[in-house]
Amino acid sequence: MKEKQDNWQRIEAVIKWANMSINYFARHIGLARGENLYQIKRGNNGISLDVAERIVAKFPQIDKLWLLTGEGQMFSDTKLRGVQIPYYHNDPEQYISSLATLEPESYLLLPMLQQCDFAMCYTGRAMGDVIPSESIVLFRVTDRATIIPGEIYLVKTRRMNMLRIVRTTNDENRLRLVPGDKMNYDDVTIDVSDIIDIYKLVGKLIIN
């Protein structure tokens, strides 16, 4: 059974969903300063009824009982509820082979995103501006037969794991893995038969 989020994780989930900074969020809900929220982050305070009611007043989509206790789901409106996506604060190229042994750091709730199996933190450089380093990348498990040329995939092979744009070659048994930063990284060609697992990129969250 999935562990309940703690007080700060619930507040943080709302802040991220609202796409605000902590201080801006504090002002938006009518707090004089962000220190009230930082005290919750440090574990010094819980979520008071006053803070919960301020949040729900500005964001009526948020379920107050969930905010206060962690019970239930983040959204009170069933149309906004979605599958909670396990998020691993690990680089996909380095850790995809050991994904089964990792514990999720948290869970993302992205109702607009369908068919997503997990999220990780990309710390590589090869994708350049296409996927900046430190972006959260979201994947769906797929298979070789459904590869769409030109789309981005995390490709797990016997020798390496690479997050790249996948393109075809003149040989139907080989694929070309193309970086976003072509100035500093080269294309890599692999045999289709070398692919152990493949994951389609279905979304990215760029952290500024």
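This is a predicted model: local features need pLDDT of at least 70, side-chain atom pairs count only at pLDDT 80 or more; totals for chains, interfaces and linings use all residues.
**Exercise 1. Which residue in β9 does Thr-142 stand opposite?**

Residues are numbered from 1 along each chain as its sequence is written, and side-chain values use heavy atoms, with hydrogens and water left out.

*Solution.* Helices (H or I, at least four residues) and strands (E, at least two) are taken as DSSP runs, numbered from the N terminus, and two strands pair if DSSP finds at least two bridges between them. Strand β4 covers residues 135-142 and strand β9 residues 195-205, and seven bridges join the two in the antiparallel sense. Within β9, the residue opposite Thr-142 is Ile-198, whereas Ile-136 faces Leu-205.

**Exercise 2. Identify the pairing of β5 with β9 and of β3 with β4.**

*Solution.* Start with β5 (residues 152-157), which pairs with β9 in the antiparallel sense over five bridges; here Tyr-153 stands opposite Lys-200. Turn next to β3 (residues 118-122), which is antiparallel to β4, again over five bridges, with Met-120 opposite Val-137.

**Exercise 3. Determine how the buried residues of α4 are arranged and what covers them.**

*Solution.* Helix α4 spans residues 49-58, and its buried residues are Val-51, Ala-52, Ile-55 and Val-56. Viewed down the axis of α4, these residues fall within an arc of 130° (taken from the directions from the helix axis to the C-beta atoms), so they line one face of the helix. In general, an α-helix has 3.6 residues a turn, so residues three or four places apart point the same way. The cover over the buried residues, judged by contact (heavy atoms within 4.5 Å), includes α1 (7-18), α2 (22-28) and α5 (64-69).

**Exercise 4. State how many disulfides the structure holds, and describe Cys-116 and Cys-121.**

*Solution.* With a disulfide defined as a pair of cysteine sulfur atoms within 2.5 Å, the structure holds zero disulfides. For Cys-116, the nearest cysteine sulfur is that of Cys-121, 15 Å away, and Cys-121 is likewise in no disulfide. As to accessibility, Cys-116 is buried at a relative accessible area of 12%, and Cys-121 is buried at 4%.

Terms used
Buried means under 20% relative accessible area, exposed over 50%, partly exposed in between (1.4 Å probe, protein chains only).
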